[in-house]
Amino acid sequence: MQSAPIGVLDSGMGGLSVLHALRRAMPHERFLYYGDNANAPYGPRPPEEIRALTARTASALMERGVKALVIACNTANSAAGDMLRRQLPIPVVGVEPDLADAHERAGGKRVIVFATQATLALPLYRDMRQRCCPDAVSIPAPELVMMVERGVLSGEGPEAFFREKLRPWPADELGAVVLGCTHFIFLRPVLSSIIPGVPVFDGVEPVIEDLRATLSRADALAHSGAGGVELLSSSDEPGIRARMRVLLAAEL
């Protein structure tokens, strides 16, 4: 069990940001990453379709003998996380908007959440917002997903988007920003340059802690070996894996 790989899934490229962090935190593990690039983005799709696509991707990873599954996509986890936890015989860990930590750090100032339309509309986020941070401002940002899918990680496009969306709030009124989509983590340097000093939360660290603790309890952690990554995609688009490798190596 210790030598079996960990499955990581996403609607496309965004989950590579989570995989990047997982590799650094768990260097002896082998990872299988599956990007459903042929069907990205998930954000505009209805919940039942997101559940079906996520289940199909999870099944592909299960066939490869993964010992745990990381849903490295806020939208997929919001729509299908509970379903997969009930159905699969392995641990399932999912990323979600880190509203609790953001609210605590904000100190009464404004909390802004960028996410996909589906994540913001689904019960997981709505319940979390009501419980942890009812005054949070929720901003759908499908444009950012497509920028990252195309490999646009800096420059005028993302910078103009963030400046326009944050225009109503002076920087000294912002207490925290939550990145509720793993694609957006690749744009964190751009965001931080616009609002220096404002803490940004992406929800990745809780995933790492949960996964490590879960595997440790099951005596399934890999304690030696070089580890490794295999990148899979539902798309046969030329160059797709090359773009995935570039993003995986990006400085975050």
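Guide: Angles between axes run from 0 to 180 degrees, taken between N-to-C directions, and the axes are lines fitted to C-alpha atoms. The model under discussion is predicted.

Visitor: At about what angle to S5 does helix H8 run?
Guide: Helix H8 comprises residues 156-166 and lies across S5, S6 and S7.

Visitor: In what order do the 4 strands of the open sheet stand?
Guide: Strand S5 (residues 110-115) pairs with S7 in the parallel sense over 5 bridges. S7 also pairs with strand S8 (residues 200-201), again in the parallel sense, over 2 bridges. The pairing in the open sheet is parallel, and the order is S6-S5-S7-S8.

Visitor: Which strands stand at the edges of that sheet?
Guide: The order of the open sheet is S6-S5-S7-S8. An edge strand here has a single partner strand, so one side of it is left without a neighbour in the sheet. The strands in that position are S6 (137-140) and S8.

Visitor: Which residue of S7 is the bridge partner of Val113?
Guide: In general, strands of a sheet pair through backbone hydrogen bonds. For Val113, the bridge partner in S7 is Val178.

Visitor: How many residues of strand S7 are buried?
Guide: A residue counts as buried under 20% relative accessible area. Strand S7 spans residues 174-179 and is largely enclosed by the rest of the structure, because its buried residues number 6 of the 6.

Visitor: Which helix joins S7 and S8 in a β-α-β unit?
Guide: S7 and S8 pair in the parallel sense. Together with a helix of residues 188-194 they make a right-handed β-α-β unit, and that helix is H9.

Visitor: How far apart in sequence are the parts that the pair of Phe114 and Phe161 ties together?
Guide: The structure holds 3 aromatic pairs. Phe114 and Phe161 form a tilted one, at 6.3 Å centre to centre and 50 degrees between the planes. Because Phe114 lies in strand S5 and Phe161 in helix H8, the pair ties together parts whose separation in sequence is 47 residues.

Visitor: Which residues form one aromatic cluster?
Guide: Phe161, buried at 9% relative accessibility, forms an edge-to-face pair with Phe162, at 5.9 Å centre to centre and 80 degrees between the planes. Phe162 is buried at 0%, and Phe114 likewise has a relative accessible area of 0%. The cluster consists of Phe114, Phe161 and Phe162.

Visitor: Is Met147 buried or exposed?
Guide: Met147 lies in helix H7 (residues 142-149). Leaving aside neighbours within four places in sequence, Met147 is in contact with Val152, Gly157 and Pro158. Its relative accessibility is 11%, and the cut-off for burial is under 20%. Met147 therefore counts as buried.

Methods
Residues are numbered from 1 along each chain as its sequence is written. This is a predicted model: local features need pLDDT of at least 70, side-chain atom pairs count only at pLDDT 80 or more; totals for chains, interfaces and linings use all residues. Side-chain values use heavy atoms; hydrogens and water are left out. Buried means under 20% relative accessible area, exposed over 50%, partly exposed in between (1.4 Å probe, protein chains only). Contact means heavy atoms within 4.5 Å. Two strands pair if DSSP finds at least two bridges between them. A crossover is right-handed if, with the strands pointing away from the viewer, the path from the first strand over the helix to the second runs clockwise. Rings of Phe, Tyr and Trp (its six-membered ring) pair if their centres lie within 6.5 Å; planes under 30 degrees apart count as stacked, over 60 as edge-to-face and the rest as tilted.
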